[in-house]
Amino acid sequence: MQKNTSTLLQTYLQYQGSPFSDPGFAAPELQLSSLPSAAVSFKTWHAMDDAERLSRAQGAFLALTQHLQLVGDDQSDLNPGSPVLLAQLGAARLRAQGLLGNMAAIMTALGLPIPPEEDTLGLVSFGASAFERKCRGYIVTREYGHWTDRAVRDLALLKAKYPA
């Protein structure tokens, strides 16, 4: 899953044109209020308990599944002749949903409450410009990678704490 996140981001940027496809493009300052950022200091992350780590990851991947659907819809409109990109976005959404299920099973096994599903997108501006939709897709694909990396760390910590 981790390998696929960097491939997805690079493929996404390639299909968006300049400035997104320009070498070295990055815009870390761009965020979406409807999508939690994976960025957290090591000290804060390390101080979290299992329930908080899993709950945050669960909320993030729930939001990501919804956002990846929206980005896929946007790209169907903006880049209809890009089956590779559309397939990668669809696969990412399915992987995020699969991880959600796995995290729910882990939370249940640990006796932790599973956060309720909610509509994280809220009101979506369907009149957003092509550039705004490209920016939104960039943020979603970037954060998908960051959250996947963080989930790998979270699950490795759990695995070490609760050996099979």
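## A charge over a ring

Which residue lies over the face of Trp45, at 5.0 Å from the ring centre? The residue is Arg153. This is a predicted model.

Is Trp45 buried or exposed? Its relative accessibility is 6%, so Trp45 counts as buried.

## Aromatic pairs

A pair of aromatic rings is described by two things: the distance of the centres and the angle of the planes. Searching the whole structure turns up four aromatic pairs. One of them joins Phe20 and Phe131. Their rings are 5.6 Å apart, centre to centre, with 45 degrees between the planes, and the pair is tilted. This pair links distant parts of the chain. Phe20 is in the loop between helix 1 (2-16) and helix 2 (42-47), while Phe131 belongs to helix 5 (residues 130-161). They are 111 residues apart. Phe20 is buried, with a relative accessible area of 2%. Phe131 is partly exposed, at 47%.

Trp45 pairs with Phe42. Their ring centres are 5.8 Å apart and their planes meet at 40 degrees, so this pair is tilted. Phe42 and Trp45 are three residues apart in helix 2, which means about one helical turn separates them. Phe42 is exposed, with a relative accessible area of 59%, whereas Trp45 is buried. Elsewhere, Phe20, Phe25, Phe131 and Tyr138 form one aromatic cluster.

## The nonpolar core

The largest nonpolar core has 34 residues. Phe61, Tyr138 and Tyr144 have the most contacts inside it. Helix 1, helix 3 (50-78), helix 4 (83-109) and helix 5 each supply at least two residues of this core. Helix 3 gives the largest share, nine residues.

## A buried glutamine

Where is Gln58? Its place is in helix 3. Gln58 has a relative accessible area of 8%, so it is buried. Leaving aside neighbours within four places in sequence, Gln58 is in contact with Leu100, Met103, Ala104, Met107, Ile114 and Pro115.

## Salt bridges

How many salt bridges does the structure hold? There are six. Among them is the bridge between the side chains of Asp50 and Lys161, at 3.0 Å from N to O. It links distant parts of the chain: Asp50 is in helix 3 and Lys161 in helix 5, 111 residues apart. Asp50 counts as buried, at 9% relative accessibility.

The side chains of Asp74 and Arg136 also meet in a salt bridge, at 2.7 Å from N to O. Asp74 lies in helix 3 and Arg136 in helix 5, so this pair ties together parts that are 62 residues apart in sequence. Both residues are buried. Another bridge joins Asp77 and Arg133, at 2.8 Å from N to O. Here too the partners lie in helix 3 and helix 5, 56 residues apart. Arg133 is buried, with a relative accessible area of 14%. Finally, salt bridges that share partners join Asp50, Arg53 and Lys161 into one network.

Key: Residues numbered from 1 in each chain as written. Predicted model: local features only at pLDDT ≥ 70, side-chain atom pairs only at ≥ 80, totals over all residues. Heavy atoms only, no water. Phe/Tyr/Trp six-rings, centres within 6.5 Å; stacked < 30°, edge-to-face > 60°. Helix = DSSP H or I, 4+ residues; strand = E, 2+ residues; numbered from the N terminus. Buried < 20%, exposed > 50% of the residue type's maximum accessible area, 1.4 Å probe, protein only. Lys NZ or Arg CZ within 6 Å of the ring centre and 35° of its normal. Core = buried A, V, L, I, M, F, W, Y, C linked by side-chain atoms within 4.5 Å. Contact = heavy atoms within 4.5 Å. Salt bridge = Lys/Arg side-chain N within 4 Å of Asp/Glu carboxyl O.
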